[in-house]
Amino acid sequence: MDIDLSAADLAFRDEVRDFLRTNAYKPGADYTVWRDQWFAKAAAQGGWDVPKWPKQFGGPGWTPTQHYIWEQETATAMLPFDMPFGVGMLAPILMGYGSKEQQDRFLPDIRARKVNWCQGYSEPGAGSDLASLKTKAELSADGKTYTVNGTKIWTTAAHMADWIFCLTRTSDTGKRQEGITFLLFPMKQPGIEVKPIITLGGSHTVNMVHINDVKVPVENRIGEEGQGWTYAKGLLQHERTGLAGISRSLVALEKLKEQARSVKRGNGSLMDEPAFRAKVAALEVDLMALEFTELRSLAAASAGGALGPESSIMKLKGTEIQQRIAKLTVEAGGIYSAGWGHPVGPKFARNGMASYLSSRAYTIYGGASEVQKDVIAKNVLGIKSGKK
Amino acid sequence: MNFDLSSEQQLLKDSVDRFVADNYSLEARIKVTDAEPGFSRDNWKSFADLGWLALPFEEGIGGFGGGPIETMLLMEAFGRGLVVEPYLASIVLGGGALRRGASKTVKDSILPGVMDGMRQLAFGYAEEQARFDLDDVVTTAKADANGFVLNGTKSVVQNAATADHIVVSARTSGGQVDRDGITLFLIDAKAAGVERDNYPTVDGLRASEVKLTNVHVDRDRLIGEVGKGYAILEAVANDAILALSAEAVGAMEVLYKDTVEYTQQRQQFGHALSEFQVLQHRMVEMFMEYEQCKSLLFRATLESAQGIPTAQRTIHALKHLVGKAGTFIGENAVQLHGGMGMTEELRIGHYFKRLLVIDAQFGNADHHLQKFAA
């Protein structure tokens, strides 16, 4: 057992630091130009623009420790804004289940961030119980074209997306998981209507998407008809381990402490108030433990073993910690957290409430915490399902 | 960065896992704790034969030179087995003080007997007014012609009844809570003026109130320098927290796994209890707390082993989490076992009691949260 980084890992860390410093955004520069250059330079490093892609698809082929270092180092740096849907979510499915033609057709534009994707999974009647989805895809008699009808909801960035990857129902018989088909189609076409949904934090990131008689050629289907659930499920697991956000929480916690210290109380600050301090401390303890839970999980992956049971708790604990940090930021803002869109009080308090309210979604999306617990009970504790 | 065990560590783990699996049934434990001295001398002899009693001592005096990782492996298995032998008191605490501060003469005369199991040690650090503060010491040690004369009472001294020697903290100078002026002494348990009021603790172990009335200690039985005992006290307490936390993690594992197993067998309302989602989620929470404690145990142990400066703070974090999670897991193990959880027949209650005592030893969850936040 050893927590030191090897000489090679330390050298890698220096290389990452150097890259991030050299290519940092310079205030006043054109953002889009910088972004494109950043990705181009990252690509030239050998796949740093797609850190999680496997080597045969142009990724860097890092060890888990290198991924950990990357996550740590990038948590404090400003990276170009990057939607996760193409690079992080669709690409692994294309790599795993797409045809060679589909890979050649879609992956280059995903990697170049030329095409924005959105994810059409949830529906008004299918949230955590995703397998109950009803958006219908009917194959034409000649077997060439699907006609898609239905409604998707909570579709993040649908209003900015060029394409959607979408779970559709192609069969109502048999096990409901077996009648689901994975289709890709453009968003900017007649028959698709995107309606904004404004969430508690006041922002527009998610949408309702109505799909009316949209024609999708059969070559836009990933894998077999009726197997879409299997493809999506693998990705969900992948998505969940990435949602813990530990490095970002470590940075956010330090920021919270700094903010609380700036709130003066008598001769000291808010950090000297026992009740507040105890909450921050308990939060930090949980985060320190989770950091090592992640390391244990990475170490298991490094050794080539299956992820241990500890990896299953990352999303649950990680999102809960993010919410606690957001909540304490609101508490630190005091009465100024009540303000809405008007610049009064300490600077951090101005969007603290909006961030906190948005954070309530963390334990809902990507599999609600309660669903995560069902999954852990079944897969890790080995309890036979059967909900009473 | 890796969490792999070396081949020696793996051998140690295998041997202690096997020994615990073969020798620690609940029936055997109850039989031993119901009688004096409250542990099995045969087992203690086996510990010596297996080399465990020599584990943390330096190789020059016949030890194995093990560190925090080795002790963790041993203690975690002891926790799973609910081992009652006084390893913590004799080896981690008493032995820990001696190996850090005793003169060569004392080490040579005492430690071989400790390592071969013929002698046992205890460690008296707590006092009634001190609560969890190691630096709050009113027991006095006054220098005289040949050494020191000690007066005061050390509280809840584990294993004092069986120990041949007791390491005690006493004040040689300074005010009640000054760190300077605390000195450690090695006293003979049967020395004139040592009175032991022995009693069982709720977890089946043994402790004593040790009253010292004009107890004479020779100058060569000083542990460390006069007035500089606090650093040793603190180092030993840190070792103890790591060891107890490892033991607690072992106990938590048994509690959550026993609960999962029991609820799958127990039928109510025509279903196995485990089919009820509210119970499933509770058990997932127990499992998660266990994993989090294990992670922090690794972190604190490795930071200590590698001498990383943040180790002290991580140790506070660990003892906080272990206290909190231990209580949560223990209470819920009893709750989910229902009425059966309240009986002495099932082992879970015994594990729960041990976790409660661990929380109270060397500072409870709140105490360490405050230290962590300071």
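Predicted model: local features only at pLDDT ≥ 70, side-chain atom pairs only at ≥ 80, totals over all residues.
A residue counts as buried if 20 or more other C-beta atoms lie within 10 Å of its own.

Consider M75(B), a residue of helix α4 (residues 68–81) of chain B. Around M75(B) there are 25 other C-beta atoms within 10 Å, and therefore M75(B) is buried. Which residues does M75(B) touch, not counting residues up to four places away in sequence? They are A243(B), A246(B) and E247(B).

Strand β4 (residues 163–169) of chain A has 7 of its 7 residues buried, so the strand is largely enclosed by the rest of the structure.

With strand β1 (residues 117–120) of chain A, β4(A) pairs in the parallel sense over 4 bridges, and W163(A) in β4(A) has W117(A) standing opposite. With strand β5 (residues 180–186) of chain A, β4(A) pairs in the antiparallel sense over 7 bridges. In that pairing, T181(A) of β5(A) is the bridge partner of T168(A).

The description now turns to helix packing in chain B. Two packed helices are described by the angle between their axes and the distance between the axes. For helix α8 (residues 277–305) of chain B and helix α9 (residues 311–337) of chain B, the angle is about 155 degrees and the axes are 9 Å apart. Because angles over 145 degrees count as roughly antiparallel, α8(B) is roughly antiparallel to α9(B). The crossing of these two helices, α8(B) and α9(B), is left-handed. Their contact comprises 17 nonpolar, 4 polar and 4 charged residues.

Finally, the two chains meet in a contact that takes 35 residues from chain A and 34 residues from chain B. On the side of chain A that touches chain B, the elements giving two or more residues are α8 (274–302), α9 (314–333) and α11 (369–379) of chain A. Which element gives the most to this side of chain A? It is α8(A), with 14 residues. By class, the residues on this side of chain A divide into 21 nonpolar, 3 polar and 11 charged.

Definitions and conventions:
Residues numbered from 1 in each chain as written. Chains lettered and ligands numbered in written order. Axes fitted to C-alpha atoms, helices over the stretch in contact; angles between N-to-C directions. Parallel < 35°, antiparallel > 145°, perpendicular 65-115°, else oblique. Left-handed = near helix turned anticlockwise from the far one by under 90°. Nonpolar A, V, L, I, M, F, W, Y, C, P; charged D, E, K, R; others polar. Buried ≥ 20, exposed ≤ 12 C-beta atoms within 10 Å, placed from the backbone. Contact = placed C-beta atoms within 7 Å. Pairing = 2+ DSSP bridges.
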